[in-house]
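Me: I am new to this structure and would like to go through it by question and answer. Please show it first.

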Amino acid sequence: MTTLDPCNQFGLRNFYDAKHDMLTQLQHLGRTELVGLDQLLNRILADDVHSPIDVPSFANSAMDGYALRAADVSEAAHFSSQGLTLIGTSLAGHPFTGRVSEGECVRIMTGASLPLGADAVVMQEHCQVQDSLVIVTSAVTEGQNVRYPSEDLAQGECVFKAGTRINARVLAVLSSLGLEQVYVYRPLTVALFSTGDELKTPGQLLGPGDIYDSNRIAVRAMLERIGVKVADYGIIKDEPDAIRHALISAASNADAVITSGGVSVGDADYIKQILEEVGHVGFWKLAIKPGKPFAFGHINDTAFFGLPGNPVSAAVTFHLLVRPALATLSGETLAPTVTLQAQALMDFKKSPGRMDFQRGIVSTQADGSLGVVAAGAQSSGVFSAMAEANCLLHLEQDRGNVTAGETVSLELIDGLYW
């Protein structure tokens, strides 16, 4: 008989429904600024970018070799055996200014302008040079090893859509278009604090029952990796007045507020209660593991996200829920999550009732397929296993235990902002 997770039965929202409802309640703030090329990395485009030029803007060589007329070196051509007369050199930035006529060729380097009259480039490895004659040892077709104007991008073509995050690849393209500055959305300001009398800042001495505050450090790092300005309010004691003051102050000075801890059902968990007093609770408690006690709401017009206190739960719910929410607020268009299929190489424990995002290590097997094992203990308080993981398994809400050999879905997390 299947045993349901006892936490799943009352008041838990389906993960996908809750995420959809949350995102529909948010809209991007739309504040823009004109920023120079050297400050664009990790910013979000506010406008579509159209190419102001053809790329490339002139026909050029894709190889080091010789520019020539393809008709001169066809299999039946007279000059293919007699040799072509070398009449000059075309270098990148120093084009050959003459014209290639019948029986002639020009030494050319990669990226150099194709001379007038030439319609192909033969690789230097397929040539023999004798004084001023070049003998071509293989047939050449028109257009061979030539990059034509607008082959990459045509003038006026839309290159990037608004909402694109500018990474090194995007930055390289913007630079190749000669764009000195573009409009981007202003970075979000996010207020962040942890709650808990037991929390201490690294460097302080621990008393009985104390722990170091790792959640705020991790979340701040994840926020900074996505270009968010962080207003760090530190650690707030489990005192209603202190929490109330921190929430009101944070909401009045930021675009979003993120807290860690205080959203469960313990005697000192005040976040939900105070959020109901000063703002609005959109939902609280989700049918997911880890991360059931996650809260979303608003304080006036400022979005609020209450992360669980357990370190793994905080990191996973930030990735699954807060990250896409911040993308909506900032105007960023996130690509849909790519999930892969892998074979479980061991048993995974799971009870039906909540969607389970277990931490795993996926690798390529000898036959080319993907196999996955657990990244250590799956307790939501064990972050060392989270640090080893390179993927999150997506185990469906109604699914039970996974037996070795079964197929599971997963997403890669290695190399992301965490």
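**Contacts, helices and salt bridges**

Reply: Leaving aside residues up to four places away in sequence, Gly143 touches Asp119, Ala120 and Tyr148, where contact means heavy atoms within 4.5 Å. This is a predicted model, in which local features need pLDDT of at least 70 and side-chain atom pairs count only at pLDDT 80 or more, while totals for chains, interfaces and linings use all residues. Residues are numbered from 1 along each chain as its sequence is written, and side-chain values use heavy atoms, with hydrogens and water left out.

Me: In which loop is the place of Gly143?

Reply: Helices (H or I, at least four residues) and strands (E, at least two) are DSSP runs, numbered from the N terminus. Between the C-alpha atoms of Gly143 and Leu326 there are 48 Å, and 183 residues along the chain. Gly143 is placed in the loop between strand 9 and strand 10 (146-147).

Me: Is helix 5 oblique or parallel to helix 6?

Reply: Helix 5 (residues 240-253) packs with helix 6 (residues 271-278) at an angle of about 55 degrees, and their axes are 10 Å apart. Axes are lines fitted to C-alpha atoms, for helices over the stretch in contact, and angles run from 0 to 180 degrees between N-to-C directions. Angles under 35 degrees count as roughly parallel, over 145 as roughly antiparallel, 65 to 115 as roughly perpendicular and the rest as oblique. Helix 5 is therefore, relative to helix 6, oblique.

Me: At roughly what angle do the axes of helix 1 and helix 7 cross?

Reply: Helix 1 and helix 7 are roughly parallel to each other. Helix 1 passes helix 7 in a right-handed crossing; a crossing is left-handed if the near helix is turned anticlockwise from the far one by less than a right angle, and right-handed if clockwise. The axes of helix 1 (residues 15-24) and helix 7 (residues 311-330) come within 10 Å, and the crossing angle is roughly 25 degrees.

Me: Which residues in helix 7 do Phe15, Lys19, Met22 and Leu23 meet?

Reply: Phe15, Lys19, Met22 and Leu23 belong to helix 1. Their partners in helix 7 are Leu320, Leu321, Pro324, Ala325 and Thr328.

Me: Where does Pro290 lie?

Reply: Most residues other than glycine have a negative phi, and most peptide bonds are trans. Lys289 and Pro290 are joined by a cis peptide bond, with omega about -5 degrees. Pro290 lies in the loop between strand 19 (288-289) and strand 20 (295-299).

Me: Is Asp131 buried or exposed?

Reply: Asp131 has a positive phi, near 55 degrees, and is a residue other than glycine. Its place is in the loop between strand 8 (127-130) and strand 9 (133-136). Buried means under 20% relative accessible area, exposed over 50%, partly exposed in between (1.4 Å probe, protein chains only). With a relative accessible area of 78%, Asp131 is exposed.

Me: How many residues apart are Glu276 and Lys272 in helix 6?

Reply: A salt bridge is a side-chain nitrogen of Lys or Arg within 4 Å of a carboxyl oxygen of Asp or Glu. Glu276 and Lys272 meet in one, at 3.0 Å from N to O. Glu276 is partly exposed at 44% relative accessibility, and Lys272 is partly exposed at 22%. The two are separated by about one helical turn, because their spacing in helix 6 is four residues.

Me: How far apart are the closest N and O atoms of Arg216 and Asp213?

Reply: Arg216 counts as buried at 6% relative accessibility, and Asp213 counts as buried at 2%. Arg216 forms a salt bridge with Asp213, and the closest N and O atoms are apart by 2.8 Å.

Me: How many salt bridges does the structure hold?

Reply: One of them links Glu332 with Arg323, the closest N and O atoms being 3.1 Å apart. Glu332 and Arg323 are both buried. In the structure, the number of salt bridges is 16.
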